[in-house]
Amino acid sequence: MNRDPRPARLLPWASPEGKPCYLLTDGDGPVSRIADVVETTHLDMAEDLLDHAAVLLADARTTPEQLRFLLTRMSEALRDVHRVALSRGTRML
């Protein structure tokens with residue numbers, strides 16, 4: 001019997017109902033590896049959005065519609081990055 005169980009891992013996606021998904025694992029299984037790839041993808045996409053935001057904000061011709069679209073995507077990215085941070089923080093404990 002494992003006397004030092006790992007906490008459940010918060011996965012970087014939600015259920016169809018929007019509820020958090022968790023994984024009980026030792027960290028080496030196929031779902032863990034997929035979650036690692038998804039986390040990296042989320043972080044890379046957030047970085048790309050930050051770069052795009054800098055370009056749009058520097059351009060005086062940027063329209064309110066473009067900014068609203070960017071802000072919507074950045075809100076989604078922030079939610080994803082926040083979930084990654086929570087998951088990684090829990091795993092560090």
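Trainee: What do buried, exposed and partly exposed mean here?
Mentor: Buried means under 20% relative accessible area, exposed means over 50%, and partly exposed is in between, using a 1.4 Å probe and protein chains only.

Trainee: And what kind of model is this?
Mentor: This is a predicted model, where local features need pLDDT of at least 70, side-chain atom pairs count only at pLDDT 80 or more, and totals for chains, interfaces and linings use all residues. Residues are numbered from 1 along each chain as its sequence is written, and side-chain values use heavy atoms, leaving out hydrogens and water.

Trainee: How many helices and strands does the chain have?
Mentor: There are 2 helices and 2 strands. Along the sequence the pattern is β-β-α-α. Both types are DSSP runs numbered from the N terminus: helices are H or I with at least four residues, strands are E with at least two.

Trainee: What about the overall dimensions of the chain?
Mentor: The C-alpha atoms fill a box of roughly 65 × 25 × 20 Å along the principal axes. The radius of gyration is 17 Å, while a compact globule of 93 residues would have one near 12 Å. That radius is taken over C-alpha atoms, and the globule rule is 2.2 Å times the number of residues to the power 0.38.

Trainee: How much of the chain is buried?
Mentor: Buried residues make up 24% of the 93 residues.

Trainee: Where is the largest nonpolar core?
Mentor: It is made of A46, L49, A53, L56, L70 and A77, 6 residues in all. Helix α1 gives the most, with 4 residues. A nonpolar core here is a set of buried Ala, Val, Leu, Ile, Met, Phe, Trp, Tyr and Cys residues joined through side-chain atoms within 4.5 Å.

Trainee: Is H42 buried or exposed?
Mentor: H42 counts as buried, because its relative accessibility is 14%. H42 sits in helix α1. Beyond its neighbours within four places in sequence, H42 contacts P12, D80, V81 and V84.

Trainee: Switching to A8. Where does A8 lie?
Mentor: In the segment before β1. A8 is partly exposed, since its relative accessible area is 29%. Not counting residues up to four places away in sequence, A8 touches Y22, L23, L24 and T90. A8 and T90 are 82 residues apart along the chain, yet their C-alpha atoms are separated by 8.7 Å.

Trainee: And A14, where is that?
Mentor: In strand β1, residues 9–14. A14 is partly exposed, because its relative accessible area is 32%. A14 touches K19, C21 and R83, again not counting residues up to four places away in sequence.

Trainee: One more. Is A58 exposed or buried?
Mentor: A58 counts as exposed, because its relative accessibility is 66%. A58 is found in helix α1. Its C-alpha atom and that of S15 are separated by 38 Å.

Methods
Contact = heavy atoms within 4.5 Å.
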